[in-house]
Amino acid sequence: MAYVYDDQNIFAKILRGEIPNKTVLETDHALAFEDIDPQAPTHVLVIPKGPYVNFDHFAGSASEAEIAGFVRAVGQVAETLGIAEGSGGNGYRLLSNSGADGVQEVPHLHVHLCAGRVLGRMISKA
Ligand code: AMP
């Protein structure tokens with residue numbers, strides 16, 4: 001099935017500056033900002049600037065520069081927030097929801113970066 005990107009989604013509006021966000025980091029290829037409804041003491045979303053619906057869309061269609069830029073931005077955010085184990089932090093969880101079973105609400109690729117407490121099991125078994 002072809003990917004159809006809806007340019008009226010909330011994150012597209014954030015990228016265009018139409019609605020505000022609490023920016024943590026901005027690079028040529030990515031924007032990181034605080035989640036409006038945090039599920040952990042630290043909850044940041046990292047999105048690519050290009051119009052990609054989800055991770056598999058991005059993986060299959062983005063350029064090498066976009067992919068490298070996005071992945072490096074995620075690492076940079078972890079460093080910036082002081083949660084990267086490599087620089088003495090306590091770690092984090094990285095998660096990306098896709099589609100109906102993934103319960104994706106916003107159809108623009110994003111990864112959730114959660115930290116600041118022990119986060120428990122990865123997902124519930126139910
Ligand atoms: P997902 O279910 O993976 O699509 O998650 C979407 C996330 O976007 C949720 O955690 C929301 O709290 C978050 N969110 C929705 N609107 C905004 C917004 N305007 N600014 C920041 N985060 C948002």
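**View 1. Elements around the largest pocket of the predicted model.** Helix H1 (10-15), strand S2 (30-34), strand S3 (42-48), strand S4 (93-95) and strand S5 (111-115) each contribute at least two residues to the lining of the largest pocket, and H1 gives the most, with three residues. Helices (H or I, at least four residues) and strands (E, at least two) are DSSP runs, numbered from the N terminus. The model is predicted, with local features needing pLDDT of at least 70 and side-chain atom pairs counting only at pLDDT 80 or more, while totals for chains, interfaces and linings use all residues. Residues are numbered from 1 along each chain as its sequence is written, and side-chain values use heavy atoms, with hydrogens and water left out.

**View 2. Residues lining the largest pocket.** Of the 29 lining residues, Asp 35, Asp 37, His 43, Leu 45 and His 112 lie nearest the centre of the pocket. A pocket is, on a 1 Å grid over the protein atoms alone, an open set of points where a 1.4 Å probe fits, with protein on both sides within 12 Å along at least five of seven lines, and lining residues have an atom within 4 Å of a point.

**View 3. The ring pair of Phe 58 and Phe 70.** Phe 58 is buried, with a relative accessible area of 2%, where buried means under 20% (1.4 Å probe, protein chains only). The rings of Phe 58 and Phe 70 have centres 5.2 Å apart and planes at 70 degrees, so the pair is edge-to-face; rings pair if their centres lie within 6.5 Å, and planes over 60 degrees apart count as edge-to-face. This pair links distant parts of the chain, Phe 58 in helix H2 (residues 55-61) and Phe 70 in helix H3 (residues 64-81), 12 residues apart.

How values were computed
Buried means under 20% relative accessible area, exposed over 50%, partly exposed in between (1.4 Å probe, protein chains only). Rings of Phe, Tyr and Trp (its six-membered ring) pair if their centres lie within 6.5 Å; planes under 30 degrees apart count as stacked, over 60 as edge-to-face and the rest as tilted.
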